[in-house]
Amino acid sequence: MTRTDGPNPVLYTRNGFAGRTATLLRSQYSADYTRVKGSYAPRIYNLNDLDEAAFNDRRAMPVSIMNDGTVSLEIAYRREAAPFATRNVLADEVHVVLAGSATLETEFGVLSVAKDDIVLIPRAISYRFVDIVGELREFLIVTENELNFAMSPGLGPLTRMDAAAPFPDPSTRTGEYETLIRHGDQLTSVFTDYDPIPTISVDGNRLLAKVNIHDIRSINMGSGLLVPPLIIDDATARTQIFDLSARTGDRPPIHYNADYDEVFVYLEGPGQFGGITQNSVMTHTPKGFPHRGPVENVPEGFRGLLIETRATLTPTAAGHEIGRLADVDEFAVHPSAAQSV
Ligand SMILES: [Fe+2]
């Protein structure tokens, strides 16, 4: 279909996938724009492009590329274990592994993590990544609101979930240990003369777990549209994380998401998602900005995540370094930005 084959249906939606909708029939192709003056604009980010120097220090913390004070999207590259345990006391953290592998040690047990794992670390649980193989690259979704897995293994889309396993050796290790408490954008170090991480056993809810995007079955919509599978939710639906991998069905119409910013992270091909062909490319479309998005029915397959948030995400200085104006019809660098860096 060419863009002059109008009229074009345009979907206006309230409350993301959950609210009222209306369809406008328009002769204009509203997913196109020629240029933007001002800061409220969709952008495309290559998450491989952060300055490595920011992570040279073993003490380096994840770098926020977008946030609004309540939700932060962050990147971490790490070759060596940090010399401390981290405990975020004001926010839950979702760690999406983009590359490399490691062992995640937490007060709730131990998890092996590798590419395309989605790990939920609830607040106030100390953790550290050790035994890092290659470079551990992570994309983090950090939210003030409590997050929970919205799927469990069974006859639905998810086939497997791994909870943290008991420590192989929980014996007490002594020596000086540091726990870095993250409280908002501030850090406080607490020192102990014992290792604060190992636990002998855990009972109750399996609060610390992971899923791998490849363990979510692709859904077949036939023709038409269906809400993508919800992986992680929060109690107030402020931030939601969906599986947006290749699936059959119609290309979405042009739409206005009136209440949610939309973030898409391309994890893996081989199929491309519109103009996105490289792993770890992210797009951000701010709420109320008309857009369409590429065909999802890609026979070669691709894997990706869709994050919807009521937060109004704004690029940080690090985000501006790697963000470029985005075309939101096919998700690519916008022609007006193609000549600039
Ligand atoms: Fe959208």
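Predicted model: local features only at pLDDT ≥ 70, side-chain atom pairs only at ≥ 80, totals over all residues.
Residues are numbered from 1 along each chain as its sequence is written, and side-chain values use heavy atoms, with hydrogens and water left out.

Colleague: Which residues are the protein donors of the iron ion?

Modeller: Donors are N, O and S atoms within 2.8 Å of the metal (3.2 Å for Na, K and Ca); water is not among the atoms, so sites may look incomplete. The donor atoms lie 2.0 to 2.4 Å from the iron ion. Histidine contributes through NE2 and glutamate through OE, and the residues are His255, Glu262 and His291.

Colleague: Why is the arrangement around the iron ion irregular?

Modeller: Four donors count as tetrahedral if all angles lie between 85 and 135 degrees; four count as square planar and six as octahedral if opposite donors are over 155 degrees apart and all others between 65 and 115; anything else is irregular. The arrangement here is irregular because the four donor atoms subtend angles of 58 to 170°.

Colleague: Is His291 buried or exposed?

Modeller: Buried means under 20% relative accessible area, exposed over 50%, and partly exposed in between (1.4 Å probe, protein chains only). Glu262 has 10% relative accessibility and therefore counts as buried. With a relative accessible area of 2%, His291 is buried.

Colleague: How many residues of β21 are buried?

Modeller: Strands (E, at least two residues) and helices (H or I, at least four) are DSSP runs, numbered from the N terminus. In a regular strand, side chains alternate between the two faces of the sheet. In β21, Arg303, Leu305, Ile307 and Thr309 on one side and Gly304, Leu306 and Glu308 on the other are all buried. The strand is thus largely enclosed by the rest of the structure, the buried count being seven of the seven.

Colleague: How many bridges join β19 to β21?

Modeller: Two strands pair if DSSP finds at least two bridges between them. Glu268 stands opposite Arg303 in β21. Strands β19 and β21 run antiparallel, and the number of bridges joining them is seven.

Colleague: Which residue forms a salt bridge with Asp329?

Modeller: A salt bridge is a side-chain nitrogen of Lys or Arg within 4 Å of a carboxyl oxygen of Asp or Glu. Asp329 is buried, with a relative accessible area of 2%. The closest N and O atoms are 3.0 Å apart, and the partner of Asp329 is Arg251.
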